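Try each task before you read its solution.

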Amino acid sequence: MTQQPLRGVTSLRFNQDQSERGLCLHPCGLEGGTERMARGGPWLPPGHPLKQPQIPPSPGCFCCAMETGVRIYNVEPLMEKGHLVLIWDDAREGKDSKDKLVLEFTFTKPVLAVRMRHDKIVIVLRNRIYVYSFPDNPRKLFEFDTRDNPKGLCDLCPSLEKQLLVFPGHKCGSLQLVDLASTKPGTSSAPFTINAHQSDVACVSLNQPGTVVASASQKGTLIRLFDTQSKEKLVELRRGTDPATLYCINFSHDSSFLCASSDKGTVHIFALKDTRLNRRSALARVGKVGPMIGQYVDSQWSLASFTVPAESACICAFGRNTSKNVNSVIAICVDGTFHKYVFTPDGNCNREAFDVYLDICDDDDF
């Protein structure tokens, strides 16, 4: 009896405009010799069990697909090609995948994240961020040294009006913002930073216009929102009281709502445009309390939430509105499940769809 190749997903991310297109799996989920290209991700170190080497008919290079990643080597001379970021265009004509390859970037260290907008591509390494022009004749525009950034935290505003880049600052718990439109290549200036948290930043996200940045620390109990122009804190949202690892923070397209997922298996939805919709602690009606309890009492809790498998990491984003008073949130989990919930401003939240996206098509279709 032939053993079926295992399928697995190690990371997920929506595209910048959060549309239904552009869901990608990265680092590259190459298993059983099936190639699923990605927009970037870390190539794994030696020692992982090898699944199946792939060699083209006229071998100039070969790749080794492992349980959790892939490594690519030149044949002559035998050497690793390094850490790659591949950009391709599915709209290009051609039967071979190489006909659709647009750009290729090679780095000596693992690529942890890639962000794109219509005119720039940002590539994140553990201690450095590169910004290139895109897509025609790409050239390096900026290079930023960063605090140790093992998660590759970074976000890039997709708006035509604002070219804002945000990533963890050198100071613990701070965010560094860079306006790529006003920063001149090859020049240095005082960093524009926001002191957001007391511990290291664990999650960060910009809204669509780039006017608000949301972040959470490694503690994962609070999500803080800041004005990107004035650096003032706008609101503090409470995910919970127990520490948690936040996987994802995302704004709705019009910045009216924010959603967040964590390792607690709960996706929280907060109101931003009308914060009165968010829940408050019952202690808020007691009156004056001590400063420590007061911080808890003053926090705003999610107006709605739903659960996904707690043992499975997931990302979340807002779907298309079905009506004026009904919004939707989509959660994609690494166990292969797809969840769609609809919610109303009064906090009513119900599941509308569930599926296993890895079962929609065969591996041979990739």
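Buried means under 20% relative accessible area, exposed over 50%, partly exposed in between (1.4 Å probe, protein chains only). The model is predicted: local features need pLDDT of at least 70, side-chain atom pairs count only at pLDDT 80 or more, and totals for chains, interfaces and linings use all residues. Residues are numbered from 1 along each chain as its sequence is written, and side-chain values use heavy atoms, without hydrogens and water.

**Exercise 1.** Classify Cys157: buried or exposed?

Solution. Step 1: take its relative accessible area, 0%. Step 2: apply the cut-off; Cys157 is buried. Cys154, at 4%, also counts as buried.

**Exercise 2.** Describe the aromatic pair of Phe257 and Phe343.

Solution. Step 1: check the distance. Ring centres of Phe, Tyr and Trp (its six-membered ring) must lie within 6.5 Å; here they are 5.1 Å apart. Step 2: check the angle. Planes under 30 degrees apart are stacked, over 60 edge-to-face, the rest tilted. At 85°, this pair is edge-to-face. Phe257 lies in strand S22 and Phe343 in strand S29, so the pair ties together parts 86 residues apart in sequence. Strands (E, at least two residues) are DSSP runs, numbered from the N terminus. Step 4: check burial. Phe257 is buried at 9%, and Phe343 is buried at 1%.

Note on methods
Helix = DSSP H or I, 4+ residues; strand = E, 2+ residues; numbered from the N terminus.
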